[in-house]
Amino acid sequence: MSALTINKNNFKSEVLSSDQPVLLDFWAPWCGPCRMFSPVIDEVAEENGDSIKVGKVNIDQELELAREFGVTSIPTPLLIQGGKVSAKSVGMRSKDAEEEMIGSTCFPVNPSQTGWSSPSAQPAVCSSTAPP
């Protein structure tokens, strides 16, 4: 199954009312790291479609959803289970890291708790406040 495009019109039916966990990727077309991260999200959707729903939220078109979830940098993947955020990260990450987030309810919600040893080890992110 491919990643769904999530917007304010289908958010309730596709995300909040979902019987499956939902991995949402908040992104924008002008964001380089988002474009690099998109194939990872697509692979996760294709390989895990039986157990999880995967969606993408374009923050330029869905600013209200981005604000509702406190998205200030992108890419921002978050996991929603039972209508509530159970995990959140910021930045481009590996497919293994995304699958670990899906499989673990103990994954840190605060990016500062991810155990990155130095600022250079942190993933690439874009500011969502000032598109070029």
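This is a predicted model: local features need pLDDT of at least 70, side-chain atom pairs count only at pLDDT 80 or more; totals for chains, interfaces and linings use all residues.
Modeller: Residues are numbered from 1 along each chain as its sequence is written, and side-chain values use heavy atoms, with hydrogens and water left out.

Colleague: Thanks! What makes β2 and β3 a pair?

Modeller: Strands here are DSSP runs of E with at least two residues, helices are runs of H or I with at least four, and both are numbered from the N terminus. Two strands pair if DSSP finds at least two bridges between them. Strand β2 (residues 22–27) and strand β3 (residues 53–58) have six bridges in the parallel sense, so they count as paired. Within this pairing, leucine 23 has valine 54 of β3 as its bridge partner.

Colleague: In which sense does β2 pair with β5, and over how many bridges?

Modeller: That pairing is antiparallel, over five bridges. Valine 22 has isoleucine 80 of β5 as its bridge partner. On to β6: four bridges join β5 to this strand, again antiparallel, and glutamine 81 stands opposite lysine 84 there.

Colleague: What is the strand order of the open sheet, and which strands are at its edges?

Modeller: The five strands run in the order β1-β3-β2-β5-β6, with mixed pairing. The edge strands are β1 (4–5) and β6 (84–88), since each pairs on one side only.

Colleague: What lies across the sheet strands β2, β3 and β5?

Modeller: Helix α2 (residues 32–48) does, running at about 155° to β3. That angle is taken between N-to-C directions on a scale from 0 to 180 degrees, with axes fitted to C-alpha atoms, for helices over the stretch in contact.

Colleague: Which backbone details stand out around β5?

Modeller: Two are worth a look. Most residues other than glycine have a negative phi, and most peptide bonds are trans. Glycine 82, in the two-residue turn of the β5–β6 hairpin, has a positive phi of about 60°. The bond between isoleucine 74 and proline 75 is cis, with omega about 0°, and proline 75 sits in the loop between β4 (73–74) and β5.

Colleague: Why is phenylalanine 69 called buried?

Modeller: Buried means under 20% relative accessible area, exposed means over 50%, and partly exposed is in between (1.4 Å probe, protein chains only). Phenylalanine 69 has 15% relative accessibility, so it counts as buried. This residue is in the loop between α3 (63–68) and β4. Setting aside residues up to four places away in sequence, phenylalanine 69 touches Phe11, Phe26, Leu78, Ile80, Val85 and Lys88, where contact means heavy atoms within 4.5 Å.

Colleague: And why is β5 described as largely enclosed?

Modeller: Five of its six residues are buried, so the rest of the structure largely encloses β5.

Colleague: How do you know that lysine 53 and glutamate 14 form a salt bridge?

Modeller: The rule asks for a side-chain nitrogen of Lys or Arg within 4 Å of a carboxyl oxygen of Asp or Glu. The closest N and O atoms of lysine 53 and glutamate 14 are 2.9 Å apart, so the pair qualifies. Lysine 53 is buried at 12% relative accessibility, while glutamate 14 is partly exposed at 24%.

Colleague: How many salt bridges does the rule give?

Modeller: Two. Aspartate 42 and lysine 56 also form one, again with closest N and O atoms 2.9 Å apart. This pair links helix α2 to strand β3, 14 residues apart. Aspartate 42 is partly exposed at 33%, and lysine 56 is buried at 14%.

Colleague: Last one: what makes a set of residues a nonpolar core?

Modeller: Its members are buried Ala, Val, Leu, Ile, Met, Phe, Trp, Tyr and Cys residues joined through side-chain atoms within 4.5 Å. The largest such core has 18 residues, and Phe11, Leu24 and Phe69 are among those with the most contacts inside it. Strand β2 gives the most to this core, with three residues. Apart from it lies another core, of eleven residues, including Phe37 and Leu79.
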